[in-house]
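These are notes for a first look at the model. Please read them with the structure open beside you.

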Amino acid sequence: TDSIQENVSRTDVSEPAKAPAELIAREAARRRTFGIISHPDAGKTTLTEKLLLFSGAIQLAGTVKARKSGRHATSDWMEIEKQRGISVASSVMQFEYRDHVVNLLDTPGHQDFSEDTYRVLTAVDSALMVIDAAKGVEEQTIKLLNVCRMRDTPILTFMNKMDRETRDPLELLDEVESVLKIECAPVTWPIGMGKAFRGVYHLLRDEILLFTAGGERADQEFEVIKGIDNPRLVEMFPLEIEQLKMEVELVHGASHAFDLEAFLAGRQTPVFFGSAINNFGVREILNALLEWAPAPRSRDATVRSVQPTETPFSGFVFKIQANMDPAHRDRIAFLRVCSGRFERGMKIKHLRLNREIKVSSVVTFMASSREQVEEAYAGDIIGLPNHGNMQIGDSFSEGEMLQFTGIPFFAPDFFRVVRIRNPLKIKQLHKGLQQLGEEGAVQVFKPVHSGDMILGAVGVLQFEVVASRLMNEYGVDAVFEGTSISSARWISCDDKRVLADFERSSAGQNIAYDAAGNMAYLATSGVNLKLTQERWPKLTFHTTREHA
Ligand code: GDP
């Protein structure tokens with residue numbers, strides 16, 4: 001078509017117009033879509049900002065930070081979002097670096113931690129694990145890494161805050177290996193720490209990168225000294241260099257050499273040391289992301305696997321964000337492109353509803369305010385306006401019936417019982433919860449032995465969002481009360497008789513059904529769950545459930 005021709009000539013003036021298939025393959029190959037997994041305060045925001053600085057997407061440090069603190073939140077988002085400083089704009093950050101297009105998907109942490117945080121990880125091709133080197137592996141990092149493991153997502157590791165007193169680097173690697181069950185391959189090695197942090201030694205390039213504090217600018221260059229045996233080093237740091245040589249010998253002997261294949265299979269993580277706030281070691285991470293992390297790969301759908309280079313467009317919704325503007329009840333559905341090329345104004349098929357939609361207004365995500373992007377390729381994220389009929393896991397294509405898999409619901413960690421102030425609103429409450437449950441904003445369980453409605457969430461902010469949406473969108477004033485439930489597992493079993501016995505047993509008191517009608521067991525404690533699992537060995541207790 002005309003627009004493709006036009007686009008080819010715009011991006012590649014000197015060469016004759018390329019066939020769309022070639023263009024699509026080339027665009028997919030230069031994309032890197034990743035998310036950051038970390039525990040709050042490890043340095044995710046700081047690192048994000050430095051990555052954007054490098055790419056030239058932002059000019060000044062402090063921009064992302066200000067957004068996080070909410071000072072730059074735009075005025076028309078829902079009140080709760082304003083308070084928290086969450087914005088659609090920072091959900092996906094796209095920038096170009098060294099002829100690559102990088103999509104950085106935000107993984108909300110702190111109070112904003114929610115099921116979305118997990119689900120974002122189903123839409124990335126790799127992840128960057130940021131660890132506070134003074135603290136080591138922390139709880140949220142473990143949870144997020146387990147989600148990455150479901151798809152064997154390749155993981156890069158950044159040991160942050162080396163300008164502080166940290167734990168022993170070898171001990172840190174040990175902890176990652178034993179707690180997270182992933183091999184470590186150090187790529188850079190720190191020279192000292194805290195006030196005595198001198199820089200890092202690049203084990204593969206045999207180069208020393210000298211540390212200097214600061215780094216608020218993108219063009220910060222750190223001095224490089226070639227060769228660990230360089231006499232200059234002995235002059236500069238006679239003490240540290242002896243120590244480094246010993247450690248490097250130890251590291252070569254005791255840890256794994258970088259193996260691209262093992263990394264791509266999610267079995268090994270290359271480890272970099274640095275200091276995000278000083279912009280130190282960030283470029284190495286970005287280069288590794290471009291050179292080693294995978295471009296979009298094939299995605300499994302129910303009927304077949306889909307290649308990113310296929311020319312027909314396809315993608316799936318992994319997140320729905322409610323609007324925010326009370327005057328417009330729209331929600332934005334975040335769609336990850338899996339194949340082909342998306343163009344503004346094209347017709348795509350919403351497969352679950354078997355309905356064609358023309359997408360004329362679409363949100364695209366750029367970290368800078370450059371020209372509006374009119375097209376997207378595999379790995380990119382686009383925001384579709386959604387009037388309430390899109391759900392998490394929905395697939396879109398140019399017509400082929402493809403239902404992408406691997407976009408699960410996750411067993412909640414927090415539970416509330418819903419009560420309404422006005423009993424006459426019970427119908428609206430049910431309708432609202434049904435829709436919010438289908439959309440993926442919260443999970444709704446109906447216990448078989450009571451008339452209660454139980455809400456389940458991965459982070460407590462989800463309850464606030466749901467309360468606010470019930471009020472604004474359904475006119476329901478609901479209050480949420482605590483429950484004795486501590487965890488939930490979806491139940492499956494091939495033997496119908498065992499299931500029936502289970503329902504009749506005393507454990508059956510704890511059975512509930514979710515919004516999609518799946519059976520779940522709501523446990524009152526870890527011990528209760530464990531005992532039930534032991535007593536019912538023929539049942540499978542799932543921590544995730546696939547989109548229906
Ligand atoms: P997030 O919660 O993971 O997004 O973490 P932030 O990026 O907000 O960082 C948490 C705190 O650690 C902030 O006070 C940062 O200034 C600080 N921080 C981040 N990187 C470094 C670093 O390399 N060295 C030191 N000393 N502090 C850092």
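Which of the 17 residues around the ligand come nearest?

1. Lys-44, Thr-45, Thr-46, Ser-275 and Ile-277 come nearest to the ligand, out of the 17 residues around it. A residue counts as near a molecule or strand if its C-beta atom, placed from the backbone, lies within 6 Å of it. The model is predicted: local features need pLDDT of at least 70, side-chain atom pairs count only at pLDDT 80 or more, and totals for chains, interfaces and linings use all residues. Residue numbers start from 1 along each chain as its sequence is written.

2. Helix 3 (residues 44-55) supplies 3 residues to the shell around the ligand, the largest share. Helices (H or I, at least four residues) and strands (E, at least two) are DSSP runs, numbered from the N terminus. Sorted by class, the shell holds 4 nonpolar, 8 polar and 5 charged residues. Here Ala, Val, Leu, Ile, Met, Phe, Trp, Tyr, Cys and Pro count as nonpolar, Asp, Glu, Lys and Arg as charged, and the others, Gly among them, as polar.

3. An open sheet of 7 strands has the order 2-3-1-4-5-11-6, with mixed pairing. Strand 2 (92-97) and strand 6 (183-186) are at the edges with a single partner strand each, so one side of each has no neighbour in the sheet. From one strand to the next, the twist averages 30°. Two strands pair if DSSP finds at least two bridges between them.

4. Within this sheet, strand 1 (residues 31-38) pairs with strand 3 (residues 100-105) in the parallel sense, over 5 bridges. Arg-32 has Val-102 in strand 3 as its bridge partner. Helix 12 (residues 282-291) packs on the sheet and touches strand 1, strand 2, strand 3, strand 4, strand 5 and strand 11 (268-273). The direction of helix 12 makes about 180° with that of strand 5. Helix 7 (residues 139-149) lies across strand 1, strand 4 (126-132) and strand 5 (155-160), at about 145° to strand 1. For such angles, axes are lines fitted to C-alpha atoms, for helices over the stretch in contact, and the angles run from 0 to 180 degrees between N-to-C directions.

5. How do helix 3 and helix 12 meet, and at roughly what angle do the axes cross? The two axes come within 10 Å and cross at roughly 75°. Helix 3 and helix 12 are therefore roughly perpendicular to each other; angles under 35 degrees count as roughly parallel, over 145 as roughly antiparallel, 65 to 115 as roughly perpendicular and the rest as oblique. Leu-47, Lys-50, Leu-51 and Phe-54 of helix 3 meet Val-282, Arg-283 and Leu-286 of helix 12. Residues are in contact if their C-beta atoms, placed from the backbone, lie within 7 Å. This contact of helix 3 with helix 12 has 5 nonpolar, no polar and 2 charged residues.

6. Another open sheet has 8 strands in the order 26-23-25-24-28-29-27-30, with antiparallel pairing. Strand 26 (478-482) and strand 30 (540-542) stand at its edges, each with a single partner strand, so one side of each is left without a neighbour in the sheet. Here the twist averages 40° from one strand to the next.

7. Strand 24 (residues 443-447) and strand 25 (residues 454-457) run antiparallel and are joined by 3 bridges. They form a hairpin with 6 residues between them. Gln-443 is opposite Gly-456, and Phe-445 is opposite Ile-454. Strand 24 is also joined by 3 bridges to strand 28 (residues 511-514), again antiparallel, with Lys-446 opposite Tyr-513.

8. Helix 16 (residues 526-535) lies across strand 27 (487-492), strand 29 (519-523) and strand 30, and runs at about 130° to strand 29.

9. The axes of helix 13 (residues 426-439) and helix 14 (residues 461-474) come within 10 Å and cross at roughly 120°. Helix 13 and helix 14 are therefore oblique to each other. Gln-428, Lys-431, Gly-432 and Leu-436 of helix 13 make the contact with Val-466, Arg-469, Leu-470, Glu-473 and Tyr-474 of helix 14. By class, that contact has 4 nonpolar, 2 polar and 3 charged residues.

Technical notes: Contact = placed C-beta atoms within 7 Å.
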